[in-house]
Amino acid sequence: MSSGTGTTPTRRWEGRSELGVALGLAVVAVVVIVDTLGLEERVGVRGPIGPRTVPFVVAGLLLVVAVLIARDVLRGGRGEPEGGEDVDLTGGSDWVTIGLLAAAFLANALLIERVGWPVSGAVLFWGAAFALGSRHHVRNVVIAFALSVGSWYLFVLGLGVSVPVGILDGIL
Amino acid sequence: MDAFGSLLDGFATALTPTHLLYAFIGVLLGTAVGVLPGIGPAMALALLLPLTYGLDVTAAIIMFAGLYYGSMYGGSTTSILLNTPGETGSIVTAIEGNRMARKGRAAQALATAAIGSFVAGTIGTLLVVLLAPAIVEIAVQIGAPDYFAIMVLAFIAVTFVLGSSRIRGLASLGIGLTIGLIGIDRTSGQQRLTFDIPQLADGIDIVVIAVGLFAVGEALWVAAHLRRRSLEVIPVGAARMGREDWRRSWKPWFRGTAIGFPFGAIPSGGAEIPTFLSYVTEKRLSKHREEFGQGAIEGVAGPEATNNASAAGGFVPLLTLGLPVTATAAILLVAFQRYDIQPGPLLLEDEPEVVWALLASLFIGNTMLLVLNLPLAPLWAQVLRIPRPYLYAGILFFASLGAYAVNASTFDLILLLCLGGLGFVMRRYGLPVLPAIIAVILGPAAEEKLRQALQISDGALSGLITPFSIVVYAILTVVLLWPLIRRFVLPRREVPVLSEAVHAVEAVHEHHGLEVLDRPEERPADRT
């Protein structure tokens, strides 16, 4: 664990992937700078500091941090992945699960205004449960609809918050 | 006394049947959601925030008080009954409490945690009642430059005091500040970082940010590393303690309260340091030192009281300065802002009914928690057995519903997924989430105060210097230079208890983070 055998392929790859964090921060910094240069410094400004100062400072901070992280990673430093009750850090990331979860999530985002939450929410729950390895298809469908219809009633009737009912209008 | 008169008014508001019901629902739901593995107090609050959307402000705040303490207590139940620790504040509980549980003393561990939380929460809230009006009297006199200094201190403290890597904390701070810039600049009316997307003109809703980084980020992160073998839950009956347990617990409760409250009231990065401090203190003072590490009841009683006292202490800066110092306090601030209530020195004057009802509810919620949790322990143990696919699917489900309900906007759902992705990357590479959240919330306010201060002084930097802010910047310098001070000024003369606590924190990080290559001391790049 702490002996630092930096020669295995996975370890070397992991080290390089963390350089992506530094790169990402630098890219964000550049975007902030470009966006800020497009601002008018003196339009409608009260006081000596305009809308550009703070973004420049933030971009500067991001650039400095990007360089420091890159230096740290190249010297063998690593970020410490977050642990947790259900987290098993011995393997790599499971990208199939992540992809399926994102798909279920996006399906809800695209469907919610067309077919309503009682259906889109059920799709989200069922899809996410499937992605996470649950294969009790019938039971999952029942739970998914119970949750989405139940939460719709809770929000609309119980809390007075509007959530789209969609195609089930008139039934619920 | 004036504070007590106001507090009695607060009880009058909070003790109506409707408000009691909301407090009860809050405590019950908060505990239930907090018990769920993988859901820490901050995430529980973010997920449950939508439930208060339809309520009037007093009812919502009262319910939130229940959710706050409930989710906190739920987290420690998880640590005791599951044989693996969750978030940082309950690591110590996990060490001793779980050992106790495995020796068949789960009921005693849960009882000392519940009663200790009650004692600490009650004393802590009492201290808030006593301190808040006094601090407000000072706070109303401080101006824009002082606020700016305090906010900078909060940024630096949450970034630098904790975590295994300071630069990664700083990266998180930068990310949060950038997100905070998005939207129309309040002073000049110009759009910053909106890329001509109309939905971004008002900035990203803070609920979406909090739910995205905490809930969606966590669900994606855990999903990618889900333990396929389910964890062993230790069965338990109703929580109870014997005479000997009481005798060994009561002193740690009070000592824990004394340690936790001050740490909660200053920006010190949450409950991790004080809980370890309490643990080490109890170990030194105990007559049963050999039991520590094997399940010593003092090692649960002290840190649990500390955890709750520091949660109560967090209300002092939150209510008097509008300054959240932990993730949970940050979500509370969000809850306030949804009702256009700005916590700060004027809060007690502007909204006395809300504040005193909140404080009264903290007492009530604490008592309910005790009454509820001693007999309900077996039920919570059942909650821990929830199949993990349903748990994390449920988190995504409720996160989506809550975020959508804020503005009824599909765009927010896309943002939520992006922020969840960001949260995932941050967890993968050890960037703490807390500095980002604090920066998103306080960043825009800090900019406003900075510009106000310099407007008054006509651009001269001397406008940032006041007697008060000099003190704050002095503290800031000490925090920043602490590693150097520790190395050169205090070579071997550190307070032994503190250094032992720091050592314990590092040891645990090393034990649970599989990727820690060296101790921070040997990583020069981290010290810049």
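This is a short tour of a predicted model, chain by chain. Residues are numbered from 1 along each chain as its sequence is written, with chains lettered from A and ligands numbered from 1 in the order in which they are written. Local features need pLDDT of at least 70 and side-chain atom pairs pLDDT 80 or more, while totals for chains, interfaces and linings use all residues.

**Chain A.** Select 9-74, then 95-168. These are domain 1 and domain 2 in the domain assignment, whose bounds are automatic or from a database. Their C-alpha centres lie 37 Å apart.

**Chain B.** Colour by secondary structure. Chain B has 20 helices and 2 strands, taken as DSSP runs numbered from the N terminus (helices: H or I, at least four residues; strands: E, at least two).

**Two helices of chain B.** Select α1 (residues 2-14) and α15 (residues 352-383). They pack at about 75°, axes 7 Å apart; axes are lines fitted to C-alpha atoms over the stretch in contact, and angles run from 0 to 180 degrees between N-to-C directions. That makes α1(B) roughly perpendicular to α15(B) (65 to 115 degrees). Show B:F11 and B:L7 from α1(B), and B:W356 and B:I364 from α15(B), which are among the residues that meet there. Contact means C-beta atoms, placed from the backbone, within 7 Å.

**The interface.** 76 residues of chain B are in contact with 74 residues of chain A. Select α16 (388-407) of chain B, one of the helices that supply at least two residues to this side. The largest share, 11 residues, comes from α16(B).

Conventions. Parallel < 35°, antiparallel > 145°, perpendicular 65-115°, else oblique. Contact = placed C-beta atoms within 7 Å.
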